[in-house]
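We will go from stop to stop, and at each one you get something to select and something to look for.

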Amino acid sequence: MKVRQATPVTSELADISTLARFDGEVICEPPNNKLDKFGGTLYWKENKFPLSNQNMLLRGCVLRNTEWCFGLVVFAGPDTKLMQNSGRTKFKRTSIDRLMNTLVLWIFGFLVCMGVILAIGNAIWEHEVGVCFQIYLPWDEGVHSAVFSGFLSFWSYIIILNTVVPISLYVSVEVIRLGHSYFINWDKKMYCAKRRTPAEARTTTLNEELGQVEYIFSDKTGTLTQNIMVFSKCSVNGHSYGDVQDVLGHNVELGERPEPVDFSFNPLADPGFQFWDPSLLEAVQLGDPHVHEFFRLLSLCHTVMSEEKSEGELYYKAQSPDEGALVTAARNFGFVFRSRTPKTITVHELGRAITYQLLAILDFNNIRKRMSVIVRSPEGKIRLYCKGADTILLERLHPSNQDLTNVTTDHLNEYAGEGLRTLVLACKDLEESYYEDWAERLRRASGAPEAREDRLARLYDEVERDMTLLGATAIEDKLQQGVPETIAILTLANIKIWVLTGDKQAPGSPCAETAVNIGYSCKMLTDDMTEVFVVTGHTVLEVREELRKAREKMMDGSRSMGNGFSYQEKLSSSKLTSVLEAIAGEYALVINGHSLAHALEADMEVEFLETACACKAVICCRVTPLQKAQVVELVKKYKKAVTLAIGDGANDVSMIKTAHIGVGISGQEGIQAVLASDYSFSQFKFLQRLLLVHGRWSYLRMCKFLCYFFYKNFAFTMVHFWFGFFCGFSAQTVYDQYFITLYNIVYTSLPVLAMGVFDQDVPEQRSMEYPKLYEPGQLNLLFNKREFFICIAQGIYTSVLMFFIPYGVFADATRDDGAQLADYQSFAVTVATSLVIVVSVQIGLDTGFWTAINHFFIWGSLAAYFAILFAMHSDGLFQMFPNQFRFVGNAQNTLAQPTVWLTIALTTVVCIMPVVAFRFLKLDLKPELSDTVRYTQLVRKKQKPQHRCARRGGCGGGSRRSGYAFSHQEGFGELIMSGKNMRLSSLALSGFTARPGAAWIETLRRKKGGESSPDTAAKG
Amino acid sequence: MAVNYSAKEEADGHPAGGGPGGGATAGGGGAVKTRKPDNTAFKQQRLPAWQPILTAGTVLPAFFIIGLIFIPIGIGIFVTSNNIREYEIDYTGVEPSSPCNKCLNVSWDSTPPCTCTINFTLEHSFESNVFMYYGLSNFYQNHRRYVKSRDDSQLNGDNSSLLNPSKECEPYRTNEDKPIAPCGAIANSMFNDTLELYHIENDTRTAITLIKKGIAWWTDKNVKFRNPKGDGNLTALFQGTTKPVNWPKPVYMLDSEPDNNGFINEDFIVWMRTAALPTFRKLYRLIERKSNLQPTLQAGKYSLDITYNYPVHSFDGRKRMILSTISWMGGKNPFLGIAYITVGSICFFLGVVLLIIHHKYGNRNTSADIPN
């Protein structure tokens, strides 16, 4: 939300007739993509008026709290800033998509191979046999040689075998993804009741990749934190207020706070505001002038708008939540900012209404890191009130009160150590004459056509000097609900979380420390960690040295081969990676924005990445939007891992667009992030559900679907190939033409679609309880080239049996009425029926979650097969179209034969038996975690159904309170005491790693090692 | 003056910290449609479902049961198949010693037809009804061009198709500008050897009655194949058509009996039901058991008289005559029985192996993995 204002001179154009006579001219900068800057001048009535970004409504803005406005269009179409800014949006596809494309190409190749083999077969056959058989079957007209016949047969086989290429695959995959997207949209547990926003899958093509995420890049503000600021502490005249104390003056634990301070004396107080230290209110009521001046500053020096809906009911609309918090604090302590006009500010000071004349606002920006107001009090005194970052303001104080500065600095460090955002407040009296002179220069500067901003900055700089320190404020940045739990669970799921924060709203605080503290309270950093490396170097060499030291420490920690390793050797870099991957301890890396700029340079990026990836947690602070994208790009480039970026603001857009998956938090910072994102919801904690439940299921379903789909097409088509050897390679199909048409569309599509949409291996709450269940997706275990070949092999195996068992049976068989059994049509019906039954049984085996819909589709498909079979072979259709329905009477004649059913039963058992045996062995000897959980579920269902609910309820209640923690010790204690996470980690780590887990980790390491070594080798 | 006082929706949308549950009441004017997802089992993916798992308790019994079912079935089939009497003579005459060797290079239109006689002895008597087949080998009735070369509309008695057969019949569609009835390569290549069976007892040849009706499917004879509609005899109905090139006589002279003549001639129908594999047998005649006292075919000497019209030598084909009894599951079929016994045994064996593996190495039944 931004405040935009028309230039005051145009305010007279309030009705349409005057507006129509408007004849001004705007001269401005050429179209560009800078969203936060605009420079222009309005020439009207022989006067020049400056135009800045404050006067612009950019394309795509939505008016809030404004009923109408008139405007002048400056740029339109592709010249607008929005269009200038819309970078080339890359089309995102999942790795499975790319794999699928490769596989389809391979299948094409396979198809051509089969075609060639059969064509050669045909040529040989026609040459050896067909030539002689011409007495009964002459060659077609135009075919004069066996070779030409083989050529024709190649094309015929390409046509009849084309069903191996799963054309309908793409459509089905999209349908399944669409279904998954709807499930995300429909998820009640990802609905934020407070904001009334459900989760939204904005793209329908990335769902299964949600189950493969390895790196999460998260913004901090608005994503991890609520972007709600609470006035927490302050330091006035060397005295710190705000510590929560009990009667005896001891600091008390969180959770047993005493009653908050009673503000009932003040009718204008905000009932939502809470403060726990009564001494500050006492100081106000005792009339301490320092405290009064402190709050006066807070009530005057800001850009908040107030709205009074009814007497005494004030609403503040602030650009930044920090300001809102400060003004609200002043309000509750009796310095109520009541209303403002462009030239005045009215404040109720302890019940007395005082109107100050607002002379100038020296607004905040990222370079100045401070803002000031110049006001004239009713007594006529001109005063400058300033608030800003400690680093900036402390240098601009008058050197006289050094003692106070020192005390305040101590307080500031204390606050920053607690992860609070701090601001320093100062004021200065101005002489009337000096002000007049300064104001005149200001007027001239703001009218200047070029370099206006520079000139203004110089003027501001001049006046904001030699100020008197009033005090400091500390604002608490509230964490979003459930953030620590979510991060803990995601970490257990082996997802690495990197926090990339721009942190533009805490200008004063030492960034690294804030970030570290947020890290602790989010449980990204824990006291278990062996060491937290902080990289703050300003030069390339410093950064390189710091990174090098960090790695050396890690190597020493792992002890195995840490001695004498030379990092300069290029040879060693590949080894280095593998060593670093196997680091024993847990480390964390905190890196500053300017260090990151060096670390991201081409020659150091690999080094940086290796170091960072060896760490459990990485926090980058003060990074620019571009750097965010670069970090994501870096990981994407070298790690071949699926990345997810989550953020809420416009500065996260580039990162969201770069990552494989972008998630937008639809929160307070507008909708740019959401618009660029692939998924959006309103709370960070929903991420665990999106990944661990929806992503995991999507991946699982998609993999199962693909395996089955390839299997069924191969089983179906390869029968033609085998038959080719017995029909003179003549491209005769085994099945009835209608069966070929309907097989993929009717008989087998719906059961597998139902599986792809509804299948679940373990219930949703289990995937949260056992985050390790997420790993198969990261390792890409469920569908890869190996799995594909297994599916294909199974399909081919099935097709062999599907052809040769009926062949063996039918070769000499006769019906029970003596007639020949092995006629082509009976053979076709037998093979088709056993195929439909086998693939139905197979989908039954694959389906792990038989809902009513699955039952309906599977049984329905079988029923449909028989119904359609009998209909197609009925007398009626034949009478109408004798040449189209040649199989008349075939179904009832063939399916009445016991031999046929014995054949079908035999084929089914032989096709399915090895699959069952193999799967059983795998389950029995090397169960995946999901199998164990599933089995446990079954056992537990029989034992004690209600035990679980009680405990889960308890956890939910307990964790809410701990969602916010000041210090890492306490936060961590909460983690231990809540018991839930301990249980999680002990279960997921020890319980599982004990046995098959070791193998898992091995696989993981091998995979990573194998991947990173080619990269480094390529560089060398 | 247009001033936008914009701020957080939060601040103004929910004054005094409007509760989360207030959605229904706070909807300004009731026009705001709630975006809260429906709490239905379907949308929340909580549909009741059966979640089968392959456990030792289900898989192992399944293997044993399949084994225990398949083995007896296999034995049953095997025994049944072995009880079936079958006798087969290859009368192609490739071997110089064969009586039919002289006819080996016969052609379609040779007159007089070449005949030969083969004597054979049945070691065992055929007790029940006997089915007489002719078998062809290396004959590609399943070739794509062969299979499609017919006009079912014509064979169904459609008068327009009779005079204008489908293009699929090429090159056997017309002959000398007259439409061929029945058209196509299948009909053209119809098997036309005549087989006669004699029982030789004390040097007297007794002809065995061969029944030529009842050898085709009922649906073929009564639905699929129909003579052209109209009045008059078959000769008149087939007016304007010509016989297939290879045939010695037109379709309306295939048999003397009107209900076995023309397109509904059963030999013709049987031939038209093309075989799936290049080696096949087709039912030729039935030999019915006369009385309960005598077997249908006693053990003893027989002779087979062949009117050898059908050339197969040019493409290395073979011709056989087969005599066979049948059972509930059709003719002799050793494959099915053996396959059932094998598969049953493998299942049983696998069951045992899996049981051992499960007992020795399986860790499924340990409760170590089960939390609490």
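A polar contact is a pair of N or O atoms within 3.5 Å; within protein, one must be able to donate a hydrogen and the other to accept it, and residues adjacent in sequence count only if both atoms are side-chain atoms. Before using that, note that this is a predicted model, in which local features need pLDDT of at least 70 and side-chain atom pairs count only at pLDDT 80 or more, while totals for chains, interfaces and linings use all residues. Residues are numbered from 1 along each chain as its sequence is written, chains are lettered from A and ligands numbered from 1 in the order in which they are written, and side-chain values use heavy atoms, leaving out hydrogens and water.

**Stop 1: where the chains meet**

Colour chain A and chain B separately. Between them, 30 residue pairs are in polar contact, both residues at pLDDT 80 or more. Helices here are DSSP runs of H or I, at least four residues long, and strands are runs of E, at least two, numbered from the N terminus.

Contact means heavy atoms within 4.5 Å.

Now select D812(A) and R281(B). Their side chains meet in a salt bridge (4.0 Å, N to O). The rule asks for a side-chain nitrogen of Lys or Arg within 4 Å of a carboxyl oxygen of Asp or Glu. Across this interface it finds four salt bridges.

**Stop 2**

Residues 53-79 are 89% helix and 0% strand, with end C-alpha atoms 38 Å apart. Residues 335-357 are 100% helix and 0% strand, with end C-alpha atoms 32 Å apart.

Next, pick P334(B), which lies in helix α11 of chain B. Leaving out residues up to four places away in sequence, P334(B) touches F78(B) and S81(B).

**Stop 2: salt bridges within a chain**

Over all chains, the structure holds 56 salt bridges. Select K628(A) and D652(A): their side chains meet at 2.5 Å, N to O. K628(A) sits in helix α19 (residues 625-639) and D652(A) in the loop between β21 (642-647) and α20 (653-658), so the pair ties together parts that are 24 residues apart in sequence. Is K628(A) buried or exposed? K628(A) is buried, at 0% relative accessibility. Buried means under 20% relative accessible area, exposed over 50%, and partly exposed in between (1.4 Å probe, protein chains only). D652(A) is also buried, at 0%.

Move to R320(B) and E88(B), another salt bridge, at 3.3 Å, N to O. R320(B) belongs to strand β10 (residues 318-324) and E88(B) to strand β1 (residues 86-90), so this pair ties together parts 232 residues apart in sequence. R320(B) is buried at 8%, whereas E88(B) is partly exposed at 39%.

Finish with E293(A), R296(A), E349(A), R383(A) and D429(A), which are linked in a network of salt bridges.
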